[in-house]
Amino acid sequence: MNKVNFPHLIPAMNKNFRCNMKIVWLFLIMQSALLSFAQPERIDPKFMDSILPLIKAMPADTVKVNSLKRLSSMLVFSNPDSAILLSRQADSLAVNLNYNFGRIFCISNIAWTYATMGERAKAIYENKKAIPIAEKYHPRELIYVNNIMF
C-alpha cells in the first residue's frame, strides 16, 4: 500500500487556517462592538444623579458633549422628548467645538430615538444628516449610523 504524503500542503493549510481564524475573531469582535453601540444605554441612577447638577457647570468641551449624549441615550425609552432635547444640545455644542465624532453619535441618537417612537420619516431625515459627517471624518462609524431597525 502506498502512503500518500503531502508535506508541501501542510504549511499552506496551516497559514490558511490561521488567516481564517483571524477573520473569525475579527468578525466576533465587530459583532460585539455593534451590539454594544446599537443599543441605548441602561439607566444608571448614580450617573444621572451625579451628572445632572454638574452639566450646567461644565465647561463647553467634549466631556460635556459626551455626558449629554450618554444621558440622552439613557432616556430613549423612558423619556424620548428629553433624550432628543439633550442630544440636540450636545450636537450644537459639538458643532461649536468641531467635534465631528460627537456629532455623529448625537445625530444618530436623535434618529434612534425617533425610530423607537415610530417616527421613521424623522429618523431617516436625522440619519441622513449624520451620514456625510461619518463618511468624511469617521467612516467606520457608518455602521452605527445606519443601524436603525425598521
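## Close-up views of a predicted helical model

**View 1. L71 and the residues around it.** Leaving aside neighbours within four places in sequence, L71 is in contact with F47, M48, I51, L52, I55 and L86. Everything shown in these views comes from a predicted model. L71 is also, along with I51 and V65, among the residues that touch the most other members of the largest nonpolar core, a set of 17 residues. Two or more residues of this core come from each of α2 (45-57), α3 (62-74) and α4 (80-97). Helix α4 gives the largest share, with five residues.

**View 2. L52, a partner of L71 in helix α2.** L52 lies in helix α2, and L71 is one of the residues in contact with L52. Is L52 buried, exposed or partly exposed? Its relative accessibility is 45%, so L52 counts as partly exposed; the range for that class lies between 20% and 50%. For a sense of scale, look across to S67: the C-alpha atoms of L52 and S67 are separated by 9.4 Å, with the two residues 15 apart along the chain.

**View 3. Helix α3 and its buried face.** The buried residues here are K64, V65, S67, L68, K69, L71, S72, S73 and M74. They pack against α2, α4 and α5.

View 4. Now zoom in on S72, which is found in helix α3.

**View 5. Where α3 meets α5.** The axes of α3 and α5 are 10 Å apart, and the helices pack at an angle of about 20°. That angle makes α3 roughly parallel to α5, because angles under 35 degrees count that way. The contact is made by V65, K69, S72 and S73 on the α3 side and by G102, F105, C106 and N109 on the α5 side. The crossing of the pair is left-handed.

View 6. N98 is found in the loop between α4 and α5 (100-117).

**View 7. Helices α5 and α6 side by side.** These two helices pack at an angle of about 160°, with axes 8 Å apart. They are therefore roughly antiparallel to each other, and their crossing is left-handed. Residues of α5 that take part include R103, I107, I110, A111 and Y114, while those of α6 include K122, E126, K129, I133 and Y137.

**View 8. Helix α6 on its own.** With 18 residues, α6 (residues 120-137) should span 26 Å at 1.5 Å a residue; the end C-alpha atoms are 26 Å apart, so the model agrees. Which residues of α6 are buried? They are A123, E126, N127, A130, I133 and A134. To link this view with the previous one, note that A123, N127, A130 and A134 are among the α6 residues that meet α5.

Note on methods. Residues numbered from 1 in each chain as written. Predicted model: local features only at pLDDT ≥ 70, side-chain atom pairs only at ≥ 80, totals over all residues. Heavy atoms only, no water. Core = buried A, V, L, I, M, F, W, Y, C linked by side-chain atoms within 4.5 Å. Buried < 20%, exposed > 50% of the residue type's maximum accessible area, 1.4 Å probe, protein only. Helix = DSSP H or I, 4+ residues; strand = E, 2+ residues; numbered from the N terminus. Contact = heavy atoms within 4.5 Å. Expected span 1.5 Å × (residues − 1). Axes fitted to C-alpha atoms, helices over the stretch in contact; angles between N-to-C directions. Parallel < 35°, antiparallel > 145°, perpendicular 65-115°, else oblique. Left-handed = near helix turned anticlockwise from the far one by under 90°.
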